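This report looks at charged side chains and at one strand in a protein chain. Please keep the sequence and the model in view while reading.

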Amino acid sequence: MNEKTQSKPTVDAEKTVLVLQGGGALGAYQAGVFEELTTTGHTPDWIAGISIGAINAALIAGNPPEQRIERLRAFWEKLSSRLLAEPVIPGEEARALFNETSAMIAAGTGLPGFFQPRFPPAAIYPAGSPQALSLYETSPLLKTLVEYVDFDLINSEKMRLSMGAVNIRTGNFAYFDSHRQKIGPEHVMASGALPPSFPPIEIDGEHYWDGGIVSNTPLQYVLDEAPNDDMLVFQVDLFSARGPMPRTLSDVSERAKDIRFSSRTRLNTDVFRRNRALQRAAHRLIHKLPEEYQSDPDVQMIDRLCCDAAVTIVHLIHRRKNYHSQSKDYEFSRHSVLEHWQSGVVDVRRTFRQKAWRERTRPKEGVTVLDLTRDVDD
């Protein structure tokens with residue numbers, strides 16, 4: 001039996017969903033994950049993302065299957081084209097210095113096809129003007145999205161696309177969903193408008209910021225939107241909730257960022273697993289009741305809230321390296337981007353080699369959570 005056959009257990013009627021967290025330069029990891037998933041026959045039916053995850057999601061949903069990897073690669077090559085050099089001195093300390101230099105270049109000069117420093121700077125503009133609200137302007141990203149993404153294809157609903165943002169006025173989460181509205185580049189940009197770096201995006205009279213400031217993962221949205229579907233969900237996180245005790249102020253900044261943007265993924269999946277088990281138990285219990293109770297309004301209300309669907313959630317989490325720092329999400333050297341991409345490929349391969357994946361079946365208790373590269377943390 002070849003590796004491709006081994007990597008795809010037979011579980012009938014599952015909807016495959018790809019969930020992409022935000023994380024800037026670390027988003028190249030998601031591209032590697034997607035490349036290996038498609039190679040092994042796990043092309044998603046639905047893709048949901050926030051911030052860089054929304055951009056990757058749009059590049060995937062907005063291109064035909066044969067062009068998706070090519071477009072992702074072209075996008076990440078464009079972003080990483082400012083620093084093509086590789087570290088010349090071995091060792092983690094030298095690599096940390098290389099990464100910090102790369103991050104300073106991105107912060108000082110911007111990224112091709114993504115953002116550029118605002119000039120004159122925001123402080124020069126009068127209060128209330130659009131230019132006064134961000135350090136950078138993102139017109140290069142708009143041009144890139146128009147060039148690389150076919151929004152007519154997205155709106156044909158061949159692959160569902162959902163992207164999270166935050167309404168600045170209300171503070172509420174908002175999701176732009178191709179099954180509910182026409183999607184354009186402004187929706188992608190709204191999901192990635194992280195303040196104070198990037199400007200808010202106006203859509204239909206409302207202004208939006210990056211969804212990551214409320215929750216950096218769209219997992220809960222996916223689970224709430226399709227409660228009655230059997231699903232195989234690949235949850236791709238760019239920040240790990242687990243990590244070492246900080247030793248320096250720089251470590252403190254990185255660790256705080258990891259905790260903040262990991263969005264308690266493991267906690268959320270544990271809570272969902274418990275709730276789904278209760279729903280399935282209530283569903284079974286209701287159908288054991290005598291017929292005279294079936295029409296009781298309270299029983300009917302509980303039955304509407306019950307669910308017998310089964311969900312498998314596969315965690316794929318980008319793991320920090322010793323030479324990473326708090327700037328890792330805006331360090332866009334070609335060397336690091338390729339490293340993140342390859343890490344995504346490798347983590348999928350390692351996951352699919354595990355017995356728990358190869359022998360999985362429809363979850364009997366409603367939810368199975370697989371984190372099969374977790375040993376890297378431990």
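## Salt bridges and a buried strand

Glutamate 35 and arginine 73 meet through their side chains in a salt bridge, at 3.1 Å from N to O. The pair links distant parts of the chain: glutamate 35 lies in helix 2 (residues 28-39) and arginine 73 in helix 4, 38 residues apart. A salt bridge here is a side-chain nitrogen of Lys or Arg within 4 Å of a carboxyl oxygen of Asp or Glu. Helices (H or I, at least four residues) and strands (E, at least two) are DSSP runs, numbered from the N terminus.

The model is predicted: local features need pLDDT of at least 70 and side-chain atom pairs count only at pLDDT 80 or more, while totals for chains, interfaces and linings use all residues. Residues are numbered from 1 along each chain as its sequence is written, and side-chain values use heavy atoms, with hydrogens and water left out.

The structure holds 18 salt bridges. Three of them are listed here.

| Arginine 73 | Glutamate 35 | 3.1 Å |

Burial is judged by relative accessible area: buried means under 20%, exposed over 50%, and partly exposed in between (1.4 Å probe, protein chains only). Glutamate 35, at 21%, therefore counts as partly exposed, and arginine 73 is partly exposed at 30%. Lysine 328 is buried at 7%, as is glutamate 254 at 3%. Salt bridges with shared partners join Glu254, Arg255, Asp258, Arg320 and Lys328 into one network. Arginine 360 and glutamate 14 are both buried.

Arginine 68, in helix 4 (residues 68-79), is buried but has no salt bridge. The nearest side chain of opposite charge (Lys and Arg count as positive, Asp and Glu as negative; His and the chain ends are not counted) belongs to glutamate 66, 7.4 Å away. The side chain of arginine 68 does reach the backbone oxygen of asparagine 63, at 2.9 Å.

Strand 2 (residues 46-50) is largely enclosed by the rest of the structure, because five of its five residues are buried. Trp46, Ala48 and Ile50 point one way from strand 2, and Ile47 and Gly49 point the other way. In a regular strand the side chains alternate between the two faces of the sheet. Strand 2 pairs with strand 1 (residues 15-20) in the parallel sense over four bridges; pairing requires at least two bridges found by DSSP. Tryptophan 46 in strand 2 is the bridge partner of valine 17.

How values were computed
Polar contact = N/O pair within 3.5 Å; in protein donor to acceptor, adjacent residues only side chain to side chain.
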